[in-house]
Amino acid sequence: MLFQTTQDIQRAAEPHLPGPPSAAPTRGQLVQFHLGINRHGLYSRSSPVVSKLLHDMRHFPTISADYSQDEKALLGACDCTQIVKPSGVHLKLVLRFSDFGKAMFKPMRQQREEETPADFFYFIDFQRHNAEIAAFHLDRILDFRRVPPTVGRLVNVTKEILEVTKNEILQSVFFVSPASNMCFFAKCPYMCKTEYAVCGNPHLLEGSLSAFLPSLNLAPRLSVPNPWIRSYSLAGKEEWEVNPLYCDTVKQIYPYNSSDRLLNVIDMAIFDFLIGNMDRHHYEMFTKFGDDGFLIHLDNARGFGRHSHDELSILSPLSQCCRIKKKTLLHLQLLAQADYRLSDVMRESLLEDQLSPILTEPHLLALDRRLQVILRTVEGCIAAHGEQSVVASGPAEQAAQTLARLT
């Protein structure tokens, strides 16, 4: 468990915030979610807390709205050029609810049927609210449990953001469009353009809400560069992109040489390949769980951009290292079977969300296609190196029973 003592539980409770007299007790579902974090994932398979937390984030009134502070804390200083891009394209807010929980709000920037243009670089792509929602469901289906609970919600940007925020800068970026819709755009240090704004219809706006993790002073996290980080420039390549033996180097480096960290990075690559996310430059993990702790799959909004394209380079950790957890492989093989087809399980799971349909049918079918690519990659590795070398055995997993509970 992340918190084990009574003192931990007391410190985990949110400080009392001003609110209506009938507000819920301070120890709401968000704190219960925090108390359930353990070395295997953000929540247990049988946890009843997640569904309650999703319900609360979907329905509880907001009592405040502000820009995010967590990125500043992770950096150790306020470097706003790293938090909000000067273009004003990136926009996310922290919403607090009447039960004193809080969530990261990402508004709708792109219609579901729109694909990312082929000429876009991954680092200038829109952040999609429905990708955050779908990523949570996929992560849960894969039994990773490394994406914070995320839900869709129709937000009244006037009543639930503008009228409850105390941030004067946030107040200043709201305006009424020529179509009489309430709009707002990101805080940016140079120039903001109204064409980058998001607008209600006239006040209601779709968005994703992702549950916050415990504060960094209570549950410290490491932010670690991904060994397969991409070049964030218009030209140039990283070593892994030109050296097919790059993994041999990674295997010699601590902690990838003496823990499950490399296998966890490969899990993350499999997840990113399925959603089409090329923007995994860092990963985070709780320091308490040590080198073998799970990697938190944060910031998935650049997934599900192109259903018509499978970016094979995302799978480089798997194809270059030729290693995979037995549990992960068994789960993927199960999801390739007709009775547990990944697209079918995802389609049914996403019906739970009030913004359903979350993904278009081509994106759902792309999951099945990409799953077959992963399995063929593993088969090629086994043919070249043998199953014992490729498949990392672990405790027996009851993957079929887990999938049955999700369907």
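I count two strands as paired if DSSP finds at least two bridges between them, and I take helices (H or I, at least four residues) and strands (E, at least two) as DSSP runs numbered from the N terminus. The model is predicted, so I note that local features need pLDDT of at least 70 and side-chain atom pairs pLDDT 80 or more, while totals for chains, interfaces and linings use all residues. Residues are numbered from 1 along each chain as its sequence is written, and side-chain values use heavy atoms, without hydrogens or water.

Strand 10 is largely enclosed by the rest of the structure, because four of its five residues are buried (under 20% relative accessible area; exposed is over 50%, partly exposed in between, with a 1.4 Å probe and protein chains only).

Next I followed the loop between strand 10 (282–286) and helix 12 (316–321), where D299 lies. An unreviewed UniProt entry annotates D299 as "binding site", and such annotations may be inferred rather than shown by experiment. I find D299 partly exposed, because its relative accessibility is 48%. Leaving aside neighbours within four places in sequence, D299 is in contact (heavy atoms within 4.5 Å) with K92, K106, E132, N277 and R280.
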